Amino acid sequence: MADAITILGLESSCDDTAAAVVRRDGQGAHILSSVVYGQTELHSAFGGVVPEIAARAHAEKIDLCVAEALERAGVALTDLDAVAVTAGPGLIGGVLAGVMCAKGIAAATGLPLVGVNHLAGHALTPRLTDGIGFPYLILLVSGGHCQYLIAKGPEEFSRLGGTIDDAPGEAFDKAARLLGLPQPGGPSVEAEAKAGDPRHFRFPRPLLDRDDCNLSFSGLKTALLRARDQIVAEKGGLTRADRADLCAGFQQAIVDVLAEKTRRALRIYLAEGPADPVLAVAGGVAANGAIRAKLETVCEEMGVRFTAPPLKLCTDNAAMIAYAGIERFARGERDDLTLMARPRWPLDKASPALLGGGKKGAKA
């Protein structure tokens, strides 16, 4: 690539306000800065993210986040080629805060504006971190999404399957609430599971009796609730060992389901004859060590290269948005000041929605 492209990215789709500067040149992509302001303390008392609180926090912090990202990168607005922003999907108040900030920057500076699908940001992260080529199989697994996609181009994704109800991250959060663990639930359950026996409680492995790549985690959460209530009824409460065993069994069920469904998705992907087969996993739940280790083993068994982003790029961040913006910008794609914030925005627009839809479009 002869000319370098430098883009400021903004991300505010859930409970992380983020800004980053990324440059791509002949040597690859480089993260010049990545700033994330979390909101965990704001939502901790409520057992989950409160959309109104999140939106207000984004509006208060997004400009400060941008200023810090530019300072850390050592660049000015005049050094940028464009500004990219998450335009959906996500909590609409937060998405709107980021879109309006990006529009303001674009209007004031004349910089091109590039709207980015948040899911595409996650799905393209392996190209940012490892420079892998198309096509590759991506398992996008996070708090709100879980799907298997064959990435064939920066905006060309073919969905093989996904969750028909809760995403794994949502299941972890609900499990943590049921067991009195702090949010976010994923790290809390994973930490507690390390001291537990995954064989003590046998939880269901949903949808393994079906031959497709779809997943379901809602029933798993219900099984955990029943197991907890049975222990409480018998003992009058949960011991620390009980809680650790419940977490270990719950996590192992998710690991086993993802492993088997990944095998099925890989078979479909490999049947297309990719020259350099790769499975990439991205999204917040990709930070789970047990899930990573099992998926890596599956790839070794099937002769497929495995890649996962560094942990700091698994959770929501703006570096992935800036890079996805670079991919769109390099293809000559731009948006104008009519860019809309979208609560729903599926990556594979041709496949029927797994989670239903409505006036605002398909959920996923």
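Me: What does Arg127 form a salt bridge with?
Reply: In this predicted model, Arg127 forms a salt bridge with Glu327, and the closest N and O atoms of the two are 2.6 Å apart. A salt bridge here is a side-chain nitrogen of Lys or Arg within 4 Å of a carboxyl oxygen of Asp or Glu.

Me: Ok, and which helices do Arg127 and Glu327 lie in?
Reply: Arg127 lies in helix α4 (residues 118–130) and Glu327 in helix α10 (residues 319–330), so the pair ties together parts that are 200 residues apart in sequence. Helices (H or I, at least four residues) and strands (E, at least two) are DSSP runs, numbered from the N terminus.

Me: Is Arg127 buried or exposed? And what about Glu327, buried or exposed?
Reply: Arg127 counts as buried at 17% relative accessibility, and Glu327 counts as buried at 4%. Buried means under 20% relative accessible area, exposed means over 50%, and partly exposed is in between, with a 1.4 Å probe and protein chains only.

Me: How many salt bridges does the structure hold?
Reply: The structure holds 20 salt bridges. One of them joins Lys174 and Glu170, with the closest N and O atoms 3.0 Å apart; these two residues are 4 residues apart in helix α5 (residues 168–178), so about one helical turn separates them.

Me: Which residues are linked in a network of salt bridges?
Reply: Such a network links Glu155, Arg328, Arg331, Glu333 and Asp335. Within it, the side chains of Asp335 and Arg328 meet at 2.9 Å, N to O; Asp335 counts as partly exposed at 26% relative accessibility, whereas Arg328 counts as buried at 14%.

Me: Before I switch topic, how are residues numbered, and which atoms do side-chain values use?
Reply: Residues are numbered from 1 along each chain as its sequence is written, and side-chain values use heavy atoms, with hydrogens and water left out. As this is a predicted model, local features need pLDDT of at least 70 and side-chain atom pairs count only at pLDDT 80 or more, while totals for chains, interfaces and linings use all residues.

Me: What is the mean pLDDT of the chain, then?
Reply: The mean pLDDT, which is the predictor's confidence in each residue from 0 to 100, is 93 for the protein chain, and 96% of its residues reach 70 or more. Over residues 356–363, however, the pLDDT is below 50, although this stretch has 15 contacts (heavy atoms within 4.5 Å) beyond near neighbours in sequence. Where pLDDT is low, the predicted coordinates should not be read in detail.

Me: New topic: which residues touch the most other members of the largest nonpolar core?
Reply: They are Tyr136, Phe203, Phe250 and Leu258, out of 86 residues in that core. A nonpolar core is a set of buried Ala, Val, Leu, Ile, Met, Phe, Trp, Tyr and Cys residues joined through side-chain atoms within 4.5 Å. The largest share of this core, 13 residues, comes from helix α8 (residues 240–270).

Me: What does Phe250 touch?
Reply: Leaving out residues up to four places away in sequence, Phe250 touches Ala171, Phe172, Ala175, Phe203, Leu220, Lys221 and Leu224. There is also a second, separate core of 27 residues, which includes Ile62, Cys65, Val83 and Trp345.

Me: Last one: in which sense do β2 and β3 pair?
Reply: Strand β2 (residues 16–25) pairs with strand β3 (residues 28–38) in the antiparallel sense over 10 bridges, where pairing requires that DSSP finds at least two bridges between two strands. The two strands form a hairpin with 2 residues between them, and Val22 has Ile31 in β3 as its bridge partner.
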